[in-house]
Structures are given as structure tokens and as C-alpha cells.
Amino acid sequence: MSVTLADILAARSRIQATAVRTPLVPSPYLTGLAGQEFLLKLEIGQPTGAFKLRGATNAVFGLPEGVAGVTCCSTGNHGRGVAYAARDRGLRAVICMSELVPQAKIDGIKALGAEVRIVGHSQDEAQVEARRLCEEEGLVDIPPFDDPRVVAGQGTIGLELMEDRPDLDMVLVPLSGGGLAAGIAFAVKTISPKTRVIGISMDRGAAMHASLAAGHPVEVEEVASLADSLGGGIGLDNTLTFELCRDYLDDTVLVTEDEIYRAMQTLYFEDRLVAEGACVVGIAALQAGKLPEARGPIATIITGRSVDMTVFTRIVTGQDVTLGDLTIEGQPYAA
């Protein structure tokens, strides 16, 4: 499998009636912290609240007529995107999720008319159910990341970034299975080889980071995280996103749960934005001093408004948050 710039341009035409072109806006506070203009690509403005709608729509609307329906394995946002696109096309959708997915994301998918199956403690276990639905009920699997149609859809963000700001020095991309990072990195580096693309993940269960370090896809333990959307493996039989991330990402960076907690507070208090922990990892890396020196404008992707508001409220009010066997000690926000 492969992706070309022509595929990404075609995806833009296919999805434009469903996924919106999102704004790229400056953050005055983060600009001051970075010493360079710091820009936020607001994918929370998508109808489903996350970039996943782009890839899901490109994949679903590219299916032939007469399919029985679609299914997928998801930590939440991809499932919501598939459910939204399937509803627009009049298709049955069954979304398979693990027990680690927050209830808020489950409820959001059900509200779009899709069926939800909760299976096991990891994405890998949920994927087994999606595979069964394909084999026994004739549904078509829409992979969350390792699929050229999905990667091309996410790559449309890279097109928009370079059209809006061709002078970008660095793009900070949340990194999980690599669909977003691969699509953006391929588009950005193809258009502007000098622009650096950094993939950023949490430091517990970062599958793509561990795989890149090992030189091949590896399994990791999936654990509870404020960045729950970044959880899950990349698949030992990964055929696309591993190679694209290996070839087009300039670096990967890991941030701690404490740093994610702090970054969620920062985005809320300084930019008045509500977003989930997975998308503030770029801000967390900036605040923790983990980024390479910037030589020009920086952009990061703010995506995922399907946050558990009970947890979010605890964070912005400085309370402790417990994630499985880990408790993040609360602290009031201070700039």
C-alpha cells in the first residue's frame, strides 16, 4: 500500500462536503513561551470534534454501492467519524471499542445512530470483534490508521497547513497509530522538505514511538491515560503508517501525564479551549522544554472535544486525577 500527493488532493475533493476546512489561529501565550509564532490548527471545529472525520469520510465515501455496512475498532474519535460518515451515506455502522474508552465517547457514537460493541481491555481485542463482523456479517472494516484512504484523508490537514502558512518551521502532531502523523508528515514534507514534523505521544504505552525505536512494529501494554486517544498498538502486520512515520517524521517526543495535565490547563485558561489530553501533547512538549529549537512559526493540531467533562473539570480546578494505578497530583493553574 502507498499514498501519493494526488491521493491526498483527491481526498480533499471527496470530503469537502462533510469535513470542514478548519482555522489556523495564533496563541499569544504560547507564542511568548516558544519565542516564535505558535499556531493552533483547530480540528475541534469538525462536526464530530476531531480530525478523524477526514479519513473516515474519505474511506466510507470511497466504498462501492451495495455494501452491507461498515465497522471499525476505535478509541472513540475514529468511531465517531465512521458513524457520522456512515449515517450520511445511509449505511449500518458497528463500532468496536475496549473497556478503556470513556463513556462520553461511547455516548457520542450512539447518538449518531451507530451500534457500539465493548470488547476486552485493548484495541487489539476490539479489533477481533470487528474482524468477526466482516467475516460473518459482510461489513467492511474502516481501519483507524493503517489504510491509504484514511491516511490520505488525514493528509488534507497537511495541505491546509502549508497553504495557510508555507513558512512553518515545525509541525507538532499527536502520535498514536500514525494515521494523522503519517498523512500530515507526508503532505508537509512533500510540499516543504525543510519543515520539520515532530510526532508526540504520552510516555506510557506509546506504540509508534517504541516501534520506531525498535525498527519494526512492536506490542506495548495499553494503559489508562489522559491522552486515551493515543492508546493502542500499531499492529504487528502494519503495512503503511510505520514506514511513513519512519521515513517522514523528523523526531518523536514523549510527555508525562503530569505534563499533559498542565497542558490541558494551559489551553483552557490561556486560549479558552476545551479539548482532550491527546491533542495537547505538543503544548506539553513545549512547556516541558522537550522540543528542538524553533527557527520560525510552529503549528500543532488541536483535535478531540469528546473529553470526559468530569475529568476535565477536575483538571482545570486543580484536583487529583486517578488513572488506573496512577494518581496525578492536582495543582491549581499558574501561568
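Predicted model: local features only at pLDDT ≥ 70, side-chain atom pairs only at ≥ 80, totals over all residues.
**The six-stranded sheet**

Let us start with the sheet that contains strand S10. Six strands make up this open sheet, ordered S1-S2-S10-S7-S8-S9, and their pairing is mixed. S1 and strand S9 (251-255) stand at the edges with a single partner strand each, so one side of each is left without a neighbour in the sheet. On average, neighbouring strands here are turned by 30 degrees against each other, direction ignored. Helix H11 packs on this sheet, where it touches S2, strand S8 (196-202), S9 and S10. The direction of H11 makes about 90 degrees with that of S9.

S10 has strand partners in S2 and S7. Strand S2 (residues 38-42) pairs with S10 in the parallel sense over five bridges, and phenylalanine 38 stands opposite isoleucine 298 in S10. Strand S7 (residues 170-174) runs parallel to S10 and is joined to S10 by three bridges. In that pairing, valine 171 has alanine 299 of S10 as its bridge partner.

**The four-stranded sheet**

A further open sheet is formed by four strands in the order S5-S4-S3-S6, with parallel pairing. Strand S5 (115-118) and strand S6 (140-141) are at the edges; each has a single partner strand, so one side of each is left without a neighbour in the sheet. Strand S3 (residues 70-73) and strand S4 (residues 93-97) pair in the parallel sense over four bridges, and threonine 71 stands opposite valine 94 in S4.

Helices pack on this sheet too. Helix H4 (residues 77-89) touches S3 and S4, and its direction makes about 170 degrees with that of S3. Helix H6 (residues 123-137) touches S3, S4, S5 and S6, with its direction at about 165 degrees to that of S3.

**Nonpolar cores**

In soluble globular proteins, nonpolar side chains tend to be buried together. The largest nonpolar core in this model has 41 residues, and Ile200, Ile260 and Ile302 touch the most other members. What does isoleucine 200 touch, leaving aside residues up to four places away in sequence? Its contacts include Leu172, Val173, Pro174 and Leu175, as well as Leu230, Val253, Val255 and Val281. Gly282, Ala285 and Leu291 are also touched by isoleucine 200. A second, separate core has 36 residues, including Ile157, Met162, Ala187 and Ile234.

**Aromatic contacts**

The structure holds four aromatic pairs. A pair of aromatic rings is described by the distance of the centres and the angle of the planes. The table gives these values for a couple of them.

| Ring pair | Centre distance | Plane angle | Arrangement |
|---|---|---|---|
| Phe186 and Tyr248 | 5.2 Å | 80 degrees | edge-to-face |
| Tyr268 and Phe312 | 5.5 Å | 80 degrees | edge-to-face |

Phenylalanine 186 belongs to helix H8 (residues 179-191) and tyrosine 248 to helix H10 (residues 241-248), so their pair ties together parts that are 62 residues apart in sequence. Phenylalanine 186 counts as buried at 9% relative accessibility, whereas tyrosine 248 is partly exposed, with a relative accessible area of 26%.

Tyrosine 268 in helix H11 (residues 257-271) and phenylalanine 312 in helix H13 (residues 309-316) likewise link distant parts of the chain, 44 residues apart. Tyrosine 268 counts as partly exposed at 30% relative accessibility, and phenylalanine 312 counts as buried at 3%. Ring pairs also link Tyr268, Phe269, Phe312 and Tyr333 into a cluster.

**Around tyrosine 84 and threonine 18**

Arginine 87 lies over the face of tyrosine 84, at 5.1 Å from the ring centre. Tyr84 is also one of the residues that threonine 18 touches, along with Pro47, Leu53, Thr57, Phe61 and Asp88, not counting residues up to four places away in sequence. Threonine 18 is placed in the loop between helix H1 (5-15) and strand S1 (24-26).

Methods:
Residues numbered from 1 in each chain as written. Heavy atoms only, no water. Pairing = 2+ DSSP bridges. Helix = DSSP H or I, 4+ residues; strand = E, 2+ residues; numbered from the N terminus. Contact = heavy atoms within 4.5 Å. Axes fitted to C-alpha atoms, helices over the stretch in contact; angles between N-to-C directions. Phe/Tyr/Trp six-rings, centres within 6.5 Å; stacked < 30°, edge-to-face > 60°. Buried < 20%, exposed > 50% of the residue type's maximum accessible area, 1.4 Å probe, protein only. Lys NZ or Arg CZ within 6 Å of the ring centre and 35° of its normal. Core = buried A, V, L, I, M, F, W, Y, C linked by side-chain atoms within 4.5 Å.
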